[in-house]
Amino acid sequence: MATGKINVSVDNIFPLIKKFLYSDHEIFLRELISNATDATLKLKHLTSIGEAKVDYGNPIIEVKVDKEGKKLHIIDQGIGMTQDEVEKYINEVAFSGAEEFLNKYEDGAKDAGIIGHFGLGFYSAFMVAHKVEIFTKSFKEDAEAVHWTCDGSPEFTLGKADKKDRGTEIVLHIAEDSTEFLEENRISELLRKYNKFMPIPIKFGTRTETLPKPEGAKEDDPAPTKEVDNIINNPNPAWTKQPTDLEDKDYKEFYRELYPMQFEEPLFHIHLNVDYPFNLTGILYFPKLTNDLNIQKDKIQLYQNQVFVTDNVEGIVPEFLTMLRGVIDSPDIPLNVSRSYLQADGAVKKISSYITRKVADKLNSLFKNNREDFEKKWNDIKIVIEYGMLSEEKFFEKADKFALYPTVDGDYFTFEELQEKIKDKQTDKDDKLVILYASDKEAQHSYIEAAKAKGYEVLLLDSPIISHLMQKLETSKEKISFARVDADHIDNLIKKEDTQISKLSDEEKEKLKANLEEVIDDKNYTVQLEAMDSDASPFIITEPEFMRRMKEMQQTGGGG
Ligand code: ADP
Ligand code: MG
């Protein structure tokens with residue numbers, strides 16, 4: 001048994017690590033399982049190229065809680081380490097990595113939460129353990145097993161171990177203030193959160209499996225059972241496969257796997273798969289969305305090589321897409337950085353615009369290939385599309401071709417179709433196209449009927465951000481304007497030759513007008529007595545379009 005001193009400038013890295021990542025202690029388990037996974041995948045690679053002459057077999061990683069001994073074990077069957085390698089990788093590399101990390105971020109740079117997701121590696125074990133042991137045996141021929149111990153000070157011991165099997169076992173002696181990590185439920189929760197899709201099977205305890213009854217068994221004979229490894233992860237999640245190998249039902253199944261509590265099926269999916277100029281895979285789902293702008297976000301999960309990183313993808317995908325669900329996996333997203341850095345990062349910008357483009361292309365192909373179905377789904381997806389059109393110019397250009405504008409009668413037009421349809425009838429004195437819309441079919445019923453009686457199309461636009469979108473369309477298209485059916489007398493909006501004549505006498509009109517104005521007592525509204533075509537409405541009360549829109553936009557905040 002030898003002792004040694006790790007060559008670092010800090011005396012005791014343990015309190016530093018602990019202080020630094022106070023809120024994020026739980027990531028130690030992800031770090032250790034990532035190392036175990038790396039070690040296993042390295043062995044897989046070495047055996048596949050003939051460099052390691054061992055049987056790779058079907059290795060698993062095991063996590064074991066020893067509550068009485070106050071220990072947590074992480075055991076792998078990977079490449080293991082020789083004594084020299086422990087010296088090098090654990091005493092030098094890992095420690096210097098941890099030290100470098102601390103030096104870099106110690107002075108309060110822990111902004112925006114993403115720091116701390118990665119980078120500490122092996123030494124994050126000291127966030128929860130007062131002592132860490134490594135038992136390891138290299139795959140190399142004649143390698144002797146090694147035992148390393150350290151209590152977080154730069155002193156360590158290194159000696160022989162009597163480990164028989166290839167691989168590494170990390171033993172954490174859990175500290176008094178971290179006993180939560182001796183609870184099976186807590187460990188289960190962490191495994192579910194971080195390791196659900198890691199590429200090597202992870203065993204945590206056993207479970208009872210019910211076997212089929214043997215032939216000739218009686219009706220009320222109990223079915224035989226057996227104890228099997230409780231594997232907590234799916235090592236081959238859908239996003240790691242080729243889109244051509246998957247069917248619609250596979251995508252739906254994966255959605256349920258991601259969101260077990262979500263009973264509603266997604267409307268459609270988008271499989272992301274690119275390896276140049278950056279590497280990114282993933283599957284995004286369009287859930288049914290309501291008109292509620294405060295829809296839960298944080299539903300897209302970010303992974304790096306199948307290791308969960310975060311479910312806050314702000315800064316990585318454009319904001320309007322954070323309403324979607326699914327998984328993005330990319331090793332090219334820098335993680336030990338702040339959000340503001342992230343947004344300025346070139347690779348991240350490219351990733352963001354790639355995702356935007358893929359979403360637009362998918363929507364476009366759905367629109368082109370099955371318009372009827374697209375129209376059916378419109379109400380559930382419009383909020384994302386409208387939001388995207390408002391916030392991303394590139395998306396606007398694409399979506400302008402498939403964004404739909406429904407009429408009060410349930411027809412759906414693209415903007416171009418709408419223009420074509422109304423261009424002969426609905427122009428004002430400046431030759432501007434007047435697009436009439438209603439926001440509430442019931443409340444604006446009589447106005448709608450009156451407009452329809454004159455042969456005008458009335459759209460039904462009821463999204464919370466529609467006033468912003470209308471303004472966007474008015475500024476980006478030539479000679480169009482939106483007007484709500486009750487905005488003004490229609491004949492003031494639209495140039496018409498044959499103006500209707502009121503059924504009331506001039507005297508009656510004036511009287512009625514005076515009475516109504518007294519009742520309304522609000523200067524924002526105008527009483528208009530010009531009779532409309534339908535007999536039901538001898539007069540109308542209007543609020544100018546710009547007044548109402550201003551109020552609405554104040555309510556929904558910025559956006560354009
Ligand atoms: P990183 O994983 O980023 O290299 P870590 O601090 O997590 O940094 O680990 C340092 C090194 O220790 C690894 O690169 C690896 O060489 C070695 N190591 C850690 N855990 C294991 C393990 N379970 N099996 C084999 N080697 C390991
Ligand atoms: Mg690591």
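I began with β8 (residues 202-210), which is joined to strand β9 (residues 225-231) by six bridges, the two running antiparallel. I kept in mind from the start that this is a predicted model. Within this pair, I found T208 standing opposite E227 in β9.

I then looked at another partner of β8, namely strand β2 (residues 61-66), and noted that β2 and β8 pair in the parallel sense over two bridges. Here I61 has I202 in β8 as its bridge partner. I reminded myself that the strands of a sheet pair through backbone hydrogen bonds, either parallel or antiparallel.

Next I turned to an open sheet of five strands, and I wrote down its order as β10-β11-β14-β12-β13, with mixed pairing. Its edge strands, each pairing on one side only, are β10 (268-274) and β13 (307-310). From one strand to the next I recorded an average twist of 20°.

Staying with β10, I saw that this strand pairs with β11 (residues 280-286) in the antiparallel sense over seven bridges, and that N273 stands opposite T281 in β11. Across β10 and β11 lies helix α7 (residues 346-369), which runs at about 135° to β10.

K70, in the loop between β2 and β3 (71-75), has a phi near 55°, although K70 is a residue other than glycine. D142, which is not a glycine either, has a positive phi of about 65°, and its place is in the loop between β4 (129-137) and β5 (146-150).

Are these residues exposed or partly exposed? I count D142 as exposed because 6 other C-beta atoms lie within 10 Å, and the cut-off for exposed is 12 or fewer. K70 is partly exposed, because K70 has 18 other C-beta atoms within 10 Å, a value between that cut-off and the 20 or more needed for buried.

Last, I went to ligand 1, which is surrounded by 17 residues, the closest being N35, A39, Y89, G121 and F122. The elements giving two or more residues to this shell are α2 (27-48) and α3 (83-105), and α3 provides the largest share, five residues. Sorting the shell by kind, I noted nine nonpolar residues, six polar and two charged.

Terms used
Residues numbered from 1 in each chain as written. Chains lettered and ligands numbered in written order. Predicted model: local features only at pLDDT ≥ 70, side-chain atom pairs only at ≥ 80, totals over all residues. Near = placed C-beta within 6 Å. Helix = DSSP H or I, 4+ residues; strand = E, 2+ residues; numbered from the N terminus. Nonpolar A, V, L, I, M, F, W, Y, C, P; charged D, E, K, R; others polar. Pairing = 2+ DSSP bridges. Axes fitted to C-alpha atoms, helices over the stretch in contact; angles between N-to-C directions. Contact = placed C-beta atoms within 7 Å.
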